[in-house]
Amino acid sequence: MSDIETTRWVATVPLADLARRRRLRVEVDGRPVALFLAGDHVVALDDVCIHKGRSLARGVLWQGRVVCPAHQWAFDPVTGRADGRDECQPVHDVRVVDGVIHVDARPRSQEEN
């Protein structure tokens with residue numbers, strides 16, 4: 001299958017907006033998604049934490065992990081895996097086209113992580 005058939009890319013915000021704030025909450029096909037700038041890379045996770053349902057975009061990116069503001073669960077921003085736990089936060093593929101962040105509307109399956 002081609003890239004077009006397997007993904008649904010949705011344009012969200014300019015990369016410059018994320019660069020200023022380092023984290024943002026966006027809507028992708030009605031789904032809340034947290035964007036973080038991790039060094040030179042943009043990562044995207046479902047915004048609603050699997051643990052307590054809090055907004056991850058209100059958390060921080062600390063020591064390479066997205067930290068939930070509710071109970072400080074830390075997630076690998078690339079795989080979504082919670083440190084020291086079996087749970088996994090859904091993550092989305094991201095690409096930047098002409099300075100705009102595009103997010104795949106469907107999270108990756110856990111097998112892909």
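Arginine 65 comes out as partly exposed, at 28% relative accessibility. The scale is relative accessible area with a 1.4 Å probe on protein chains only: buried is under 20%, exposed is over 50%, and partly exposed is in between. Before going on, the ground rules. This is a predicted model, where local features need pLDDT of at least 70 and side-chain atom pairs count only at pLDDT 80 or more, while totals for chains, interfaces and linings use all residues. Residues are numbered from 1 along each chain as its sequence is written, and side-chain values use heavy atoms, with hydrogens and water left out.

Back to arginine 65. The side chain of arginine 65 forms a salt bridge with that of aspartate 76, at 3.6 Å from N to O. The criterion is a side-chain nitrogen of Lys or Arg within 4 Å of a carboxyl oxygen of Asp or Glu. This pair links distant parts of the chain, 11 residues apart: arginine 65 sits in strand E6 (residues 65-67) and aspartate 76 in the loop between E7 and E8. Strands (E, at least two residues) and helices (H or I, at least four) are DSSP runs, numbered from the N terminus.

Aspartate 76 itself is buried, at 19%. Its side chain also reaches the backbone nitrogen of threonine 79, at 3.1 Å. That is a polar contact: a pair of N or O atoms within 3.5 Å, where within protein one must be able to donate a hydrogen and the other to accept it, and residues adjacent in sequence count only if both atoms are side-chain atoms. Leaving aside residues up to four places away in sequence, aspartate 76 touches Leu45, Arg65 and Arg81, with contact taken as heavy atoms within 4.5 Å.

Next, the other salt bridges. The count comes to eight. One of them joins the side chains of arginine 8 and aspartate 29, at 2.9 Å from N to O. Arginine 8 is in the loop between helix H1 (3-6) and strand E1 (9-14), and aspartate 29 is in the loop between E2 and E3, so this pair ties together parts that are 21 residues apart in sequence. Arginine 8 is partly exposed at 44%, and aspartate 29 is exposed at 52%.

Arginine 25 and aspartate 47 meet in a salt bridge at 3.1 Å, N to O. Arginine 25 is in strand E2 and aspartate 47 in the loop between strand E4 (41-46) and strand E5 (60-62), so parts 22 residues apart are tied together. Arginine 25 is partly exposed at 47%, whereas aspartate 47 is buried at 3%. Arg25, Glu27 and Asp47 are linked in a salt-bridge network.

Which buried aspartate has no salt bridge? That is aspartate 104, whose nearest side chain of opposite charge, arginine 106, is 4.2 Å away. For charge, Lys and Arg count as positive, Asp and Glu as negative, and His and the chain ends are not counted. Aspartate 104 lies in strand E10 (residues 100-104). A polar atom of its side chain is 3.0 Å from the backbone nitrogen of arginine 106.

Now the sheet. Four strands form an open antiparallel sheet in the order E2-E3-E4-E8, where pairing needs at least two DSSP bridges between two strands. Strand E2 (23-28) and E8 are the edges, each pairing on one side only. E2 pairs with strand E3 (residues 31-38) over six bridges, in the antiparallel sense. Valine 26 stands opposite valine 33 in E3.
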